[in-house]
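Reader: I am new to this structure and would like to know what stands behind the terms used for it. Please take them in turn.

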Amino acid sequence: MRRRLIAGNWKMNGVRDSLTELDPIVAECETFTSEVLICPPATLLPLMANRLSGSGVMVGAQDCHPNPAGTHTGDLSAPMLADAGASHVILGHSERRTQHGETDSLVNAKASATARAGLVPIICVGETRGEREAGIALDIVAGQVRNSVPAEPDPEALIVAYEPVWAIGTGLVPSLSDIAEMHAHIRSLLRKEIGESGGHRIRILYGGSVNAGNAHEILSVANVDGGLVGGASLKARDFLPIIRQSEAG
């Protein structure tokens, strides 16, 4: 049985005072059966890790460099992130792919580096609006999965997140049938690429304008093993109801 994961991606938001938003989540976390992860900006990573220590709520990073060390000004390696308290790393988010020109091969290298450091990569895939309207969404995502997921991964230490680019931060959400089709497609690809058992054990998250109003129905879709939440994860009053919807499912 795949355990649900509700992950919050704070993106480029949050300062030291924002950490108070964690307190209501920690107050309820002992009752959660779902895993909860929050990925703050790097400036808050060690502070958040210290604040959440022993709570059961995990802390992740939003990116890493594929090399463990070197002359890479401004970058952070996976071992550094592990040392700062991270357990997971978001990789290949559409904002990184679009704004920083990240390719599938680079995401693959970062995922391998993350795994070597003992962290769990969350590999993001998803199509643009134009690609969906052109009827090639399944092909686009298939290519991203095949080329971004490392060969012979540990299924228990790898997560894939389907985030249609056109739904991120827009309030637009695919139909439940579209989500079901894509998640089934990704599951089938993973089974073909790494084997039936391994492909079945990898968790597939949905991300893209997830909120308390739609979380329950999205999380009820087959092969949706949790959510990658953006803006709605910044405030406990918005994030906690999503976690509760996961528990209700």
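**Terms and values**

Author: Eight strands form a closed barrel in the order E1-E2-E3-E4-E5-E6-E7-E8, with parallel pairing. From one strand to the next the twist averages 25°. This is a predicted model, in which local features need pLDDT of at least 70 and side-chain atom pairs pLDDT 80 or more, while totals for chains, interfaces and linings use all residues. Residues are numbered from 1 along each chain as its sequence is written, and side-chain values use heavy atoms, without hydrogens and water.

Reader: What makes strand E4 and strand E5 a pair?

Author: Two strands pair if DSSP finds at least two bridges between them. Strand E4 (residues 88-91) and strand E5 (residues 120-125) are joined by four bridges and run parallel, so they pair under that definition. His-88 stands opposite Val-120 in E5.

Reader: How many bridges pair E5 with E6, and how many pair E6 with strand E7?

Author: E5 and E6 pair in the parallel sense over four bridges, with Tyr-162 in E6 as the bridge partner of Val-125. E6 and strand E7 (residues 203-207) also pair in the parallel sense over four bridges, and Ile-159 stands opposite Arg-203 in E7.

Reader: Which way do the residues of strand E6 point?

Author: Ile-159 and Ala-161 point one way, Val-160 and Tyr-162 the other way, and all are buried. In a regular strand the side chains alternate between the two faces of the sheet.

Reader: Why is Ala-78 called buried?

Author: Buried means under 20% relative accessible area, exposed over 50%, and partly exposed in between (1.4 Å probe, protein chains only). Ala-78 has 1% relative accessibility, so it counts as buried. Ala-78 is found in helix H3 (residues 78-84); helices (H or I, at least four residues) and strands (E, at least two) are DSSP runs, numbered from the N terminus. Leaving out residues up to four places away in sequence, Ala-78 touches Cys-64, His-65, Ala-113, Thr-114, Ala-117 and Leu-119, where contact means heavy atoms within 4.5 Å.

Reader: What makes Arg-129 count as lying over the face of Trp-166?

Author: A charge sits over a ring if NZ of Lys or CZ of Arg is within 6 Å of the ring centre and within 35 degrees of the ring normal. Arg-129 lies over the face of Trp-166 at 4.5 Å from the ring centre, so the distance meets the 6 Å limit.

Conventions
Axes fitted to C-alpha atoms, helices over the stretch in contact; angles between N-to-C directions.
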